[in-house]
Amino acid sequence: MKDIDYGHVEIKLKEIMESQDISINKLACRAEMQRTQLKKYINNNVQRVDLAILSRLCYCLDCDLNDILVYVKDE
């Protein structure tokens, strides 16, 4: 049986924060998140994403979900 490589999803939160010059502390406060939880999203260290958190991040950063989440197809 052949192994199938489905690719992965990357969270581009760090890049958006840098482009908007917003700190972890400021975004955590605006999105009503703990800094440790936000850092996990920034570092792509999340196993299961929370849709409510993604909604708050999109609202606070004035962006779309497809700006934050990117599907990367492995070759």
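1. Basis of the values. This is a predicted model, in which local features need pLDDT of at least 70 and side-chain atom pairs count only at pLDDT 80 or more, while totals for chains, interfaces and linings use all residues. Residues are numbered from 1 along each chain as its sequence is written, and side-chain values use heavy atoms, with hydrogens and water left out.

2. Overall architecture. The protein has 5 helices and 2 strands, arranged from the N terminus as β-α-α-α-α-α-β. Helices (H or I, at least four residues) and strands (E, at least two) are DSSP runs, numbered from the N terminus. The C-alpha trace spans about 50 × 20 × 20 Å along its principal axes.

3. Burial and core. Of the 75 residues, 27% count as buried (under 20% relative accessible area; exposed is over 50%, partly exposed in between; 1.4 Å probe, protein chains only). The largest nonpolar core has 20 residues, with Leu13, Leu27, Leu38, Leu57 and Ile68 making the most contacts inside it. Such a core is a set of buried Ala, Val, Leu, Ile, Met, Phe, Trp, Tyr and Cys residues joined through side-chain atoms within 4.5 Å. Helices α1, α2 (24–30), α3 and α4 (51–61) each supply at least two residues of this core, and α4 gives the most, with 6 residues.

4. Contacts of Ile68. Contact means heavy atoms within 4.5 Å. Neighbours within four places in sequence aside, Ile68 is in contact with Glu10, Ile11, Lys12, Ile16, Leu54, Leu57, Cys58 and Cys63.

5. Packing of α1 and α3. The axes of α1 (residues 13–20) and α3 (residues 35–42) come within 8 Å and cross at roughly 105°; axes are lines fitted to C-alpha atoms, for helices over the stretch in contact, and angles run from 0 to 180 degrees between N-to-C directions. The two helices are therefore roughly perpendicular (65 to 115 degrees). Leu13, Lys14 and Met17 in α1 meet Leu38, Tyr41 and Ile42 in α3.

6. Backbone points to inspect. Glu32, in the loop between α2 and α3, has a positive phi of about 55° although it is not a glycine. At 67% relative accessibility, Glu32 counts as exposed. Asn44, in the loop between α3 and α4, also has a positive phi, near 55°, but counts as partly exposed at 39% relative accessibility.

Methods:
Angles under 35 degrees count as roughly parallel, over 145 as roughly antiparallel, 65 to 115 as roughly perpendicular and the rest as oblique.
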